[in-house]
Each structure stands twice: as structure tokens, then as C-alpha cells.
Amino acid sequence: FFRNSSKIGWSVGLNLLSGSKGDLNEGFFGANILYSKVRRHWYQLEAHERDQLTAAVIQLLQQNHGDSNNGLPFPYITMTKVCLLLAAISVRTPNGSSDFVSKAFSLFPQQIPNDLSENKKNSILTGRLVLMLKMLKSLTEEADAADISRALRLELEQGMNESACHVLKAIEEVMEIAFKFKNSPTECRELLVACFECFLSWIEFGTTFSTLYMNNNRLFELIIFTLEKLPGLPCDDGKENINEGLLLAPVLCETIESLVVVAEFPRPAKREVAINALISRLDSLKISFATGIQREDDELCDVICRTVTSIAEVEIEYIAGRHAPMIGLELVSFILAMSACPMKKMLFLTTEFWLQLQDL
């Protein structure tokens, strides 16, 4: 529908994407052309052409789901690029962020044919839900990078703030699903990793440690429960699949650290309750850290040490002050043990905490 010769790139990209019929290279190349064009030359199009392109991309995503791609209209890698394309369009369109979030929820149905095996059902459902979460994450990434007017930027931020509660609810529901995958530890871990990565990208839209505890208590409990079951997975009650659990640990630690380090002034009364609930579950990180030392896994030990010391530095008055609870002192003992471990980097990572403790 682009008749102007200067806009031939748009037509080429759309024709490649719509005519790919499952061809990985052709479809991905077409989606990538459109994605690059939207980010660089979106305003080259007339208003009606933008609407036509948006409608065409959405129509392609709403095609009948074929069996060859786990029920998705394109191969997974092409779907990922198409979701990025739609996110890039949405952040440049008035009211686009709210519409985008609604589309993310509707494009990936959870209904799976009953005639499939349980493992196949889990695989299809995991692929759809992970893609939905990546789609939601892509919106925040595109919003940060978009070169748009101040008025559109303010409208975009308002829309994303309003959508944040719905995204957190979706993450909560996906985590509930992941916990039921008792015979599919890999799918459980993939879903939880996608949940935490999506959550991290949406934290900036009004979520703090205290507000999560007060306004999304079930999600707070699910995160804490996942932490408690390390180095295993919550889907098997933390008893098996240590390898999968250790792959989950870094993004889980990053999520918890990102929540706790956000300063809250004045300090909410419920923050201390939430911090107490968190610190009382940190024994799982002691086991995970010991496993990392045993396996000489520098990355795992590094992220656990950073997370624990960050929590301790932010809450140093609570864990080591005059009225410190016993679990706070146990956390200090854990940091001391990490400082004394064979990995010399741990001593460097904990130095700032010891300096703060000295000045307390």
C-alpha cells in the first residue's frame, strides 16, 4: 500500500514478512527491515499509512496459529522481532502503550488442544507466555530509546504507569502457572526467568519493595517463595533440579536487589515487615553460595554476594543497629563468611558494608 517510490523499503519489509509462510530467514529479515524503518523513519509516513502499517502487523500476529510453530503465526525468533516492531510502533502512537499491553494479553491464548501430550502442552504454553512477557518487556526498552516529542513522552509514561498494575498481575498469574510444572523443570525455570526479567523492566513505574508488599502481596509471596526454594525450583518444592535453580538464581537476586535498594521517604511502616520476611528466607542463598563455591561458579557467587551486601547496606540500621533482630545478626554472619571465602573478589564486594558498619 506504499505507492511512493521513496517508501519502497516499507513495502519490501511488509511483503517479506507477510509472504514468509514460516520461512525463518525471509520473515525475520522482513520484520527487521520494518523495525529499523519505524525507529528511524516513522514520521516519513503519512498518518493514514501509519495506521495501515499498524493494522497490517496486528493482522499478521492474529493469523491462525499453526502447529509448526507451537501455535504461533511465525517461528519464535521472528515472533520476537515482530513484537519489537509492534512495541516501536506503539511508543510513537498516541495511547499506544495501553493498546500494546492489551494486545500482549490477547495475542497469546492459553487454550491448548487436548489431544496433545502433557509435555507438548507445557512446551506450547511456555513458548506463548514467555513471548508475552518478552513483548511486555520490549515496550519499556523501546520507550527508553524512542526519539519522540515531550508531549508524547509524557502521555507514554502516564499510559505505562496506568498499565503497570495489569502487567504485575500478569506476572503473578504466570508464576502461578510455572509452579504447577512439576514434571517440566526447564519450562518452570524459563517461565520464572521471563517473569523476573519482565518485572525488572517495569519496576520504575511506581513499584517499590513496600508497595509490592502492600498492593501486590501475592506476587510478593511468590517471589519470596521462589527465593526460599533455591537452589532448587518451587515447582518441585526445591528438592531437585539444582542445576535449573542455579540458572534462575542470578535474575532472582537482581530482582530482589533492585526492589530493596530503592529508597523510600518517609519510610513506610510496612517496609520493616517486608524486609523481615525477606531476610528470614535468605538461608537459601547461603546454600546456593556454598554450591557456587564448590562448583567454582564465580558469576553465581558474585551476584549472591552483591545482593546480600546491597540489602545489608540499605537496611544496616535494622540488621545491625541497637535493636537489631537475631535474623539481622545472622545476615551479618553470612556476609562475614562470604568475606572469608576463597574467592578474593568477595572481600572487595563486602568492603563498603564493613565500612558502614564501623561508622554505625
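## H5 against H7

Start with two helices (DSSP runs of H or I, at least four residues, numbered from the N terminus): the axes of H5 and H7 cross at roughly 20 degrees and come within 8 Å. Axes here are lines fitted to C-alpha atoms, for helices over the stretch in contact, with angles running from 0 to 180 degrees between N-to-C directions. That angle makes H5 roughly parallel to H7, a label for angles under 35 degrees, with over 145 counting as roughly antiparallel, 65 to 115 as roughly perpendicular and the rest as oblique. On the H5 side, the contact (heavy atoms within 4.5 Å) uses Ser-97, Ser-98, Val-101 and Phe-105. H7 brings Leu-156, Gly-159, Met-160, Ser-163, His-166, Val-167 and Ala-170. By type, the residues of this contact split into 6 nonpolar, 5 polar and no charged; Ala, Val, Leu, Ile, Met, Phe, Trp, Tyr, Cys and Pro count as nonpolar, Asp, Glu, Lys and Arg as charged, and the others, Gly among them, as polar.

A quick word on what you're looking at: this is a predicted model, where local features need pLDDT of at least 70 and side-chain atom pairs count only at pLDDT 80 or more, while totals for chains, interfaces and linings use all residues. Residues are numbered from 1 along each chain as its sequence is written, and side-chain values use heavy atoms, with hydrogens and water left out.

## H6 against H7

H7 also packs with helix H6 (residues 118-145), at an angle of about 155 degrees and with the axes 11 Å apart. That makes H6 roughly antiparallel to H7. The crossing of H6 and H7 is left-handed, as it is called if the near helix is turned anticlockwise from the far one by less than a right angle (clockwise would be right-handed).

From H6, the contact takes in Leu-125, Leu-129, Met-132, Leu-133, Leu-136, Leu-139, Thr-140, Ala-143 and Asp-144. H7 answers with Arg-153, Leu-156, Met-160, Val-167, Ala-170, Ile-171, Val-174 and Ile-177. The tally for the contact of H6 with H7 is 14 nonpolar, 1 polar and 2 charged.

## The core

The largest nonpolar core has 121 residues, and Leu-53, Ile-171, Met-175 and Trp-202 touch the most other members. Helix H7 (residues 150-178) gives the most to this core, with 12 residues. Such a core is a set of buried Ala, Val, Leu, Ile, Met, Phe, Trp, Tyr and Cys residues joined through side-chain atoms within 4.5 Å. Buried means under 20% relative accessible area, exposed over 50%, and partly exposed in between (1.4 Å probe, protein chains only).

Leaving out residues up to four places away in sequence, Ile-171 touches Leu-133, Cys-195, Cys-198, Phe-199 and Leu-219.

Thr-126 sits in helix H6 and is buried, with a relative accessible area of 3%. Which residues does Thr-126 touch, not counting those up to four places away in sequence? They are Phe-181, Glu-187, Glu-190 and Leu-191. Arg-189, in helix H8 (residues 185-202), counts as buried at 18% relative accessibility.

In H12, the buried residues include Arg-271, Ala-274, Ile-275, Ala-277, Leu-278 and Ile-279. The buried residues of H12 pack against helix H9 (209-215), H10, H11, H14, helix H15 (316-320) and helix H16 (326-339).

Most residues other than glycine have a negative phi, and most peptide bonds are trans. Asn-95 is not a glycine, yet has a positive phi of about 60 degrees. Asn-95 is in the loop between helix H4 (76-90) and helix H5 (96-106), and is exposed, with a relative accessible area of 52%. Glu-296 has a positive phi too, near 55 degrees; the loop between helix H13 (283-295) and helix H14 (298-314) holds Glu-296, which counts as exposed at 66% relative accessibility.

Now the cis peptide bonds. One joins Leu-230 and Pro-231, with omega about 5 degrees, and Pro-231 is in the loop between helix H10 (217-229) and helix H11 (242-260). Another joins Phe-265 and Pro-266, with omega about -5 degrees. Pro-266 lies in the loop between H11 and helix H12 (269-279) and is exposed, with a relative accessible area of 72%. C-alpha to C-alpha, Pro-266 and Cys-195 are 30 Å apart in space, and 71 residues apart in sequence.
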